[in-house]
Amino acid sequence: MKLRFKRLVALSMVSLLTVLTVACGSSTGTTGKSEGSSESAGRSDDSKEIIFWNIGTENPDKEIMTYGVDTFNETTESGYTVVSVPTQNDTYKEKLVIAMSSGECPDMYTSWSGGPMNEYVDSGFAQPIDDLFNASSLPDTLMDAAVAQASYKDHIYAIPMLNVSLSGIFYNTEIFEKYNLEVPTTISELEAVCDTLVENGITPFALANGSKWTGSMYFMSLAARMGGLEPFADAVAGTGSFEDECFIYAGQKIQEWVEKGYFPEGVNSLSEDDGQAKQLMYQESAAMLCCGSWYTGTFSTDSAEFYEKIDWFSFPSVDGSDADSSIQIGTVGDQFISFNCEGDKLAAAFECVSTYSSEEAVQLMVDNGKIPPVKTVGDYLTDPITKKILQAANDASSTQLWYDQYLPPAVAQVHLDTCQEIFGLTMTPEAAAAKLQEAMQSDLAE
Amino acid sequence: MNEKNISILVQRQRSTRRAATIFLAPVAILMMVYIFYPIISTFITSTYKWNGISAAKEMTGLENWITLIKDTSFWIAFKNNLVIMVLSIVIQIPLGLALATFLDFGKKKLTIFKVIWFIPLLMSSVAIGFLFTYALATNGGMISTISKFFGGGNIDLLGNPKTALLTVIAIICWQFTPFYMVYFMAAFTNIPYDVFEAARIDGATRGQYFWRIALPLLVPSMKSAAILSMVGSLKYFDLIYVMTGGGPGTSTELMATYMYKQSFKTFNMGYGSAVAGGMFILITMVALITMKLLNGKKQEV
Amino acid sequence: MERTIDKNADRTVDRTMDTIRKNKIKKVVYWGIAFVLAVFWLLVSSLPFVFMVMNSFKEKFEMLVSGVFSLPAALNLNNYKEVLIGNFGSYFLNSVIVLAVSLILLLFIAACASYPLARFRFKLAAPIYALIVACMSIPIHITLIPVFKMSQSAGLYDSIWALIGPYVAFGIPISVFILTSFMQQIPREIEESAEIDGCNKFQMFFQMILPLSKSGLATLAIYNGVNMWNEFSFAYTLTQSSENRTLPLAVWEFQGQYSMNTPMIMAVLTLSLLPMIIMFILFQDKLVKGMTAGAVKG
């Protein structure tokens, strides 16, 4: 009897403790969640410190981020100081989710706009800044396309600040000269160039598609040149479909190119992060690279000598298609700073971000190979390739943000996965399109 | 039996229980805070439709769980985990045991082997991922070069859905074998020296000693090692995430990478929690059943 | 050879000679094979490490152009210089503190818990053991948010002390599991004789069981030490200012959004790995010897 009693006591103690922990846990959990944003905003109002999360862990981004923060801290009369907290890119988004889920969102943070930013906005972690924005000089300073990418549901939620990056093709001029190749303006010309290269044992495109988003560059460009941007916009809005012919075309072209050897062998196992695409360019075993134009900075910092050999052209148009070939795919800003604070603090944070479009900041960014999204940036640029890219950006009738950034995150993941399978020839373009459409529909249904 | 005896017995039991409580208290507190609480909160989250950051959550009951049971991606991930599990046990444990035996035979002379064999466990996933990515590159990588030397062609191991998982498993085994080596080295020293001495006196050779005496004595350690390897491979994450991200397709997707993507990348924290919960239940079940089976066998013998 | 001997010599002597020789040949052959395999595995184990060190001497462009597996053009120590000039020292110190505190706590607490589970006879032992095994199967990522919340409300966020709790707690299940199985193998007679001498459970634990579990504890120290040294997820979730970061985050300074400076990262990783190798050499050897001595005494 006694034994059983003891055991009972022990068991009930354990269960009591468990219940207690659960109760504490869930109660703090729920208060944290229900009052999340207001609580942290309320607390932050007392402090004169503005916490600014960004990904500037490595130079030059580190230097640029620090520049704006330091300038603000030295010159401001708002009484606030900004504290910059850099976190490495790969872990940054996860850290942001963890903080937000506990209602501890930083006062200012960078994002890439698009789908994730919209999630932050919908969850109440980004304040609309239309009033502050319109009262400032920024509407005259910043590129309109940049502001458009920072907007969601007709409000401005972020300030674009770092870099205009378009998807385009870098090519090795020496190799082109050697084989008497001309810069192609249509897909058939591009294919002729590629065929010549293949015959001479050179891989036409350096691509490391283990990272998935790198292959998406080709898909997006082909789809946009085939059908313009309407099919994509319609598919996202639910009025069209990803099974539109332009997406099928993009998939088919990619598979055709894979079979013709336009991409490196084992393209899906090469890693962009580890530099396997640029290695092919540096070893001059590949002649072209279709990627974001931040590559100007990558090439020039890796080797100024190599950068001399490089030139750039916008993705060629599809023969016979009437799609506007001035359309560009890319980001007009790269980094977008959102705000999660109110009143004076918001004003101070906004003041801090405005320093990134000052003349000195723009000069600093240009010196580091960036194209900051300000209207006057052309006056600062000296590098011919960067000028070309800016020209393309200015001529663009519209600029579509990267699919994987623009789409709702769950759909973006499906796009990346299916696109990689297209490159691996393990999925037909039709099946990939159907899968993407299914994901889009289930997202729209929510 | 007289009363005195019984009371001594009761007293003994009582003191044993008291001592046990004291010894177990710190672990109980830590586990409650850092393990039970997260597990319970995961199960609670799994009943919501939640993006992970918003204040608003929608209670959906068992909907996430029903989706999970029907989710082929999750079951493919589980199957991949099982493949890793089986191969890890089959490769790492015998290999670790072989290395430990070699070191045990050689005693102190072989310290340099011991140290170098241990290095893979020390290396960070960042370095391993980077170096193996280059070593496995289809064109110009080490494997392809070796294959070409023997007259073969280029081999794409990581980009091919059929070989990607096996390739990563090989790397995982490479990394974790040293752990089992150290583990068995410790187990060897646990065999009392007089057992070895007695065997020597009886004229047993080293080989006989190993097969007839040491090995049976190591069986409990091997069982534990099997459980460790099992649990470790069922919740594996690191290198797969670094090297393949679950691709190509779903060929290397694991429960943990799937859960991570759902929770942190696609803003499906509710569903991600259900995946985590499912993973927790599956691993625990597999581990406990295996333990039951292993211990049951022991009793029969 | 054998046949000529067969003909000329006495049969019995010959047979023993023969078996001895055969055994000797066998032994040499076995050892030869084992040695070849061992050397092979030596290469397999060490090559990635060698390449890591080699690349840490290269320049970024050089590494990409001449390939990851080629020899560095020169023994260029600039990468190391740059790493050491930066915050490396403070990261290193943080890592050492966290490792030392967590490891000692973990080993002691785990040993305390394993003792009753391995040696006592009480009804709850089996369920508690099962529970601890179940805890081994917890995926680390689901704990990030709860642990972040707790550290935040305990005021520990952004300090290295926030790391100790999770490091100890998540080392416990596996450590208890391993130690319990080690302690179970300690012969019962040792305990019985001590009990007759009037030792209580606590004396027994500190004087008999703990010293006899040294080899198990050494295994755990090595395993958990390596894990804690390389731990990444909690390190970045629970700290934010650079003075509170641990070593695994030191590579961040060389990882940008679109590219990374691999040779520099390799230098950081090489520098972080060396102390672990040294620790392994010192630690492993001493503790294993200690154990054998203890066992002989027992």
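Student: Where does A:Pro60 lie in chain A?

Tutor: In this predicted model, A:Pro60 lies in the loop that runs between E1 and helix H3 (61–75) of chain A.

Student: What is the omega of the peptide bond that joins A:Asn59 and A:Pro60, and what is that bond called?

Tutor: Omega is about 5° there, and the bond joining A:Asn59 and A:Pro60 is a cis peptide bond.

Student: What makes the phi of A:Lys212 worth a remark, and where is the residue placed?

Tutor: Phi of A:Lys212 is near 70°, a positive value in a residue other than glycine, and A:Lys212 has its place in the loop between strand E8 (203–205) and helix H11 (213–227) of chain A.

Student: Which strands form the open sheet of chain A, and in what order?

Tutor: Five strands form the open sheet, in the order E2-E1-E3-E12-E6, and their pairing is mixed. From one strand to the next, the twist averages 25°.

Student: Why are strand E2 (81–86) and strand E6 (158–160) of chain A called edge strands?

Tutor: Strand E2 and strand E6 of chain A each pair on one side only, and they are the edge strands of the sheet.

Student: Why are H7(B) and H8(C) called roughly parallel?

Tutor: The axes of helix H7 (residues 164–190) of chain B and helix H8 (residues 161–184) of chain C come within 11 Å and cross at roughly 25°. Angles under 35 degrees count as roughly parallel, and H7(B) and H8(C) are therefore roughly parallel to each other. Their crossing is right-handed.

Student: Which residues meet where H7(B) and H8(C) come together, and how do they divide by class?

Tutor: From H7(B), B:Phe179, B:Tyr183, B:Ala186, B:Ala187 and B:Asn190 meet C:Ile178, C:Ser181 and C:Phe182 in H8(C). The residues of this contact divide into six nonpolar, two polar and no charged.

Student: What is the crossing of helix H4 (residues 89–101) of chain A with helix H11 (residues 255–265) of chain B, and which residues meet there?

Tutor: The axes of H4(A) and H11(B) come within 9 Å and cross at roughly 65°. A:Glu94, A:Val97 and A:Ile98 in H4(A) meet B:Tyr260, B:Ser263 and B:Phe264 in H11(B); by class, the contact has four nonpolar, one polar and one charged residues.

Student: What does the model show over residues 164–188 of chain B, one of the spans that UniProt annotates "transmembrane region"?

Tutor: The annotation, from an unreviewed entry, covers several spans of chain B, including residues 164–188. Over residues 164–188 the chain is 100% helix and 0% strand, with end C-alpha atoms 36 Å apart.

Student: How much helix is there over residues 128–148 and 160–183 of chain C?

Tutor: UniProt places the feature "transmembrane region" (unreviewed entry) at several spans of chain C, among them residues 128–148 and 160–183. Residues 128–148 are 67% helix and 0% strand, whereas residues 160–183 are 96% helix and 0% strand.

How values were computed
Residues are numbered from 1 along each chain as its sequence is written. Chains are lettered from A and ligands numbered from 1 in the order in which they are written. This is a predicted model: local features need pLDDT of at least 70, side-chain atom pairs count only at pLDDT 80 or more; totals for chains, interfaces and linings use all residues. Side-chain values use heavy atoms; hydrogens and water are left out. Axes are lines fitted to C-alpha atoms, for helices over the stretch in contact, and angles run from 0 to 180 degrees between N-to-C directions. Helices (H or I, at least four residues) and strands (E, at least two) are DSSP runs, numbered from the N terminus. Angles under 35 degrees count as roughly parallel, over 145 as roughly antiparallel, 65 to 115 as roughly perpendicular and the rest as oblique. A crossing is left-handed if the near helix is turned anticlockwise from the far one by less than a right angle, and right-handed if clockwise. Contact means heavy atoms within 4.5 Å. Ala, Val, Leu, Ile, Met, Phe, Trp, Tyr, Cys and Pro count as nonpolar, Asp, Glu, Lys and Arg as charged, and the others, Gly among them, as polar. Two strands pair if DSSP finds at least two bridges between them. UniProt positions are given in the numbering used here, feature names are shortened, and annotations may be inferred rather than shown by experiment.
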